[in-house]
Amino acid sequence: AERGIPALAIDVTPYAVSLARSSGALALQRDVFGYLPGTGRWATVLLADGNIGIGGDPAVLLRRSRGLLKPGGTIVAEIEPPGAQLRREQVRLRTPDRSGAWFPWAWVGVDQIAAMADSSALQVARVWADAGRWFTELRRCPGRPGRAPG
């Protein structure tokens, strides 16, 4: 947003939305699987900090994210390093004062991302590491609608 690129942050937690807004970002408290403005017109979906795991089924999230993209759009996601296994668990957020409700989460490694992308009508454009973290850029496959989420 600081560079003049339209950006929208979404999160289900009020604290995360408040934090984003306090930094000057346009942010909505929404579920990624619910209604989002501009569906089908997004240039990029960013799934940072392991957020490819939202909902516990990364393929479903990738299909949903693909549906948000305009033709030629990309998904940039943080993934686990080579050798890491696909993992699904129930997790919860904890602070010193309290623990939140349990929710499904998943972790996807470099070794699984190509097959997962293909099943979501996406293709891996690149994979790279930076400062010990791993990332991938996925592109919409032209002419492939992908499967419906769920």
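This is a predicted model: local features need pLDDT of at least 70, side-chain atom pairs count only at pLDDT 80 or more; totals for chains, interfaces and linings use all residues.
Me: Is valine 91 buried or exposed?
Reply: Buried means under 20% relative accessible area, exposed over 50%, and partly exposed in between (1.4 Å probe, protein chains only). Valine 91 has a relative accessible area of 18%, so valine 91 is buried.

Me: Which residues does valine 91 touch, not counting residues up to four places away in sequence?
Reply: Contact means heavy atoms within 4.5 Å. On that basis, valine 91 touches Ala101, Trp102, Phe103, Trp105 and Trp107.

Me: Which side chain of opposite charge is nearest to arginine 66?
Reply: Lys and Arg count as positive and Asp and Glu as negative; His and the chain ends are not counted. A salt bridge is a side-chain nitrogen of Lys or Arg within 4 Å of a carboxyl oxygen of Asp or Glu. The nearest side chain of opposite charge to arginine 66 is aspartate 118, 10.0 Å away, and the buried arginine 66 has no salt bridge. A polar atom of the arginine 66 side chain lies 2.9 Å from the backbone oxygen of alanine 121.

Me: Where does valine 91 stand relative to serine 120?
Reply: C-alpha to C-alpha, the two are 25 Å apart in space, and 29 residues apart in sequence.

Conventions. Residues are numbered from 1 along each chain as its sequence is written. Side-chain values use heavy atoms; hydrogens and water are left out. A polar contact is a pair of N or O atoms within 3.5 Å; within protein, one must be able to donate a hydrogen and the other to accept it, and residues adjacent in sequence count only if both atoms are side-chain atoms.
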